[in-house]
Amino acid sequence: MSPRTFLRAVMAVSAVTLLAACNASAKDPAAQNAAGPALVLITPSPVGVNDFLKLAVQGIEDSAKKHNGTQKVYQSTDPASIQQNLAAAVREKPAVIVAVGFNFADAIAAEAERNPEQKFLFVDSCTTKPFPNVTCAVFREHEGSYLAGAEAGLLSKSGKVGAVVVLDTPQFRRYSIPFGQGAEKAKPGTTLAPLFIGGANPFNDPARAKALAGTLAAQGVDHVMGAASAAGNLGVFEAAKQGGFFAFGVDANQCPASPGQVVDNVIKRTNVVVGDGVDAILGGKTGETKSYGVKEKGISLTGLEPDAATSQCVVASHPDVLAKVGELRDQIVSGAIVVDDPAKS
């Protein structure tokens, strides 16, 4: 979700270009003397406190260090700057250009066709048409949503769970439909009520997200999956705090944003995906699409991580729930449970 957040332009194009060109590693003598490959990461929005994008930055930094190379991060602010940053990166001819977020699909397709020698790693989405120089890494978010739903089902007192999701599309239904299925699996009879933000600015509308979460609470829903982007989830969490219900976060650990109200998070390990993808491309494997789910450790729950006890997540105080959800995770890994992908329905 986070990487899918569009921010309105906050600076002139010249300032965007200047921001894109800024790179701390370029001032690092060790980086300047590196003999390895040049790597460039392009984000769809400023990194700031966006944990999903911060993990992507960590991934590119780790890859540069591993291969004794250099890295640069171009931060976009809107669709225009995405295209500008991608074009600027192509002109530099690095070994690998990494782009994070579905927002890049059309731009990468155009640049990949014009520059067949340039290698791209497209994270969290893929181009409609395959290209031999575009390697894609996608997530099976529905597996994590299913496990989060199981927690909600086990903890719910009303037997009603809900979801506030940015858009009513197959891709984003991965956060709602499986959430309800997991809840019903854990506690038969549990029902799901999903609501979708939509509108002109669905990825950055915390007020709308808050209102929808409040609507669900008025219907008796006591656990809400917040798939409303980093900004929108803050609205869901605020509604949860005021309404006395519980929420779930996405992409990274959002429990510290509202301790006592956020049960758990469906986390996406962007750093792992970036590292694996760069390794594959530098190793000569390009043009492939790899899917990361629970088995590949690209998707997980904060509550199932080793540091869950210090996560500030509500579920950390429910070891019985975590034990049952851990069993469901193991069944997904073994193939005993196959979570249907709403994006392919």
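In what order do the six strands of the open sheet that contains β1 stand, and is their pairing parallel or antiparallel? In this predicted model, local features rest on residues with pLDDT of at least 70 and side-chain atom pairs count only at pLDDT 80 or more, whereas totals for chains, interfaces and linings use all residues. Residues are numbered from 1 along each chain as its sequence is written, and side-chain values use heavy atoms, with hydrogens and water left out.

The order of the six strands is β2-β1-β3-β4-β5-β11, and their pairing is parallel; two strands are taken to pair if DSSP finds at least two bridges between them, and helices (H or I, at least four residues) and strands (E, at least two) are DSSP runs numbered from the N terminus. From one strand to the next the twist averages 15°, where axes are lines fitted to C-alpha atoms, for helices over the stretch in contact, and angles run from 0 to 180 degrees between N-to-C directions. Within this sheet, β4 (residues 120-123) and β5 (residues 134-139) are joined in the parallel sense over four bridges, and Phe120 has Val134 in β5 as its bridge partner. Helix α4 (residues 79-92) packs on the sheet and touches β1, β2, β3 and β4, its direction making about 160° with that of β2; contact here means heavy atoms within 4.5 Å. Helix α3 (residues 51-66) lies across β1 (38-43), β2, β3 (96-100) and β5, and runs at about 175° to β1.

The loop between β4 and β5 contains Thr128, which counts as exposed because its relative accessibility is 84%; buried means under 20% relative accessible area, exposed over 50%, and partly exposed in between (1.4 Å probe, protein chains only). The C-alpha atom of Thr128 is separated by 8.2 Å from that of Ala109, a residue 19 positions away along the chain.

A further open sheet of six strands has mixed pairing and the order β7-β6-β8-β9-β10-β12. Here β7 and β12 (299-301) stand at the edges with a single partner strand each, so one side of each is left without a neighbour in the sheet, and the twist averages 20° from one strand to the next. Strands β6 and β8 run parallel and are joined by five bridges, with Val161 standing opposite His223 in β8. Across β6, β8, β9 and β10 (262-268) lies α9, which runs at about 165° to β9.

Two helix pairs were examined. The axes of α6 (residues 141-155) and α7 (residues 177-186) come within 6 Å and cross at roughly 45°, which makes α6 oblique to α7; angles under 35 degrees count as roughly parallel, over 145 as roughly antiparallel, 65 to 115 as roughly perpendicular and the rest as oblique. By class, the contact of α6 with α7 comprises nine nonpolar, six polar and one charged residues, where Ala, Val, Leu, Ile, Met, Phe, Trp, Tyr, Cys and Pro count as nonpolar, Asp, Glu, Lys and Arg as charged, and the others, Gly among them, as polar. The residues that meet across this contact include His142, Ser145 and Tyr146 in α6, and Pro178, Phe179 and Gln181 in α7. In α7, Pro178, Phe179, Gly180, Gly182 and Ala183 are buried, and the buried residues of this helix pack against α6, β6 (160-165), β7 (191-196), β8 (223-227) and β9 (246-251).

Helices α8 (residues 206-218) and α9 (residues 229-243) pack at an angle of about 40° with their axes 7 Å apart, so that α8 is likewise oblique to α9. The residues of their contact divide into six nonpolar, four polar and two charged, among them Pro206 and Lys210 in α8 and Glu238 and Gln242 in α9.

Most residues other than glycine have a negative phi. Asp251, in strand β9, has a positive phi near 75° and is buried, with a relative accessible area of 2%. Gln312, in the loop between β12 and α11 (319-334), has a positive phi of about 70° and is partly exposed, with a relative accessible area of 44%.
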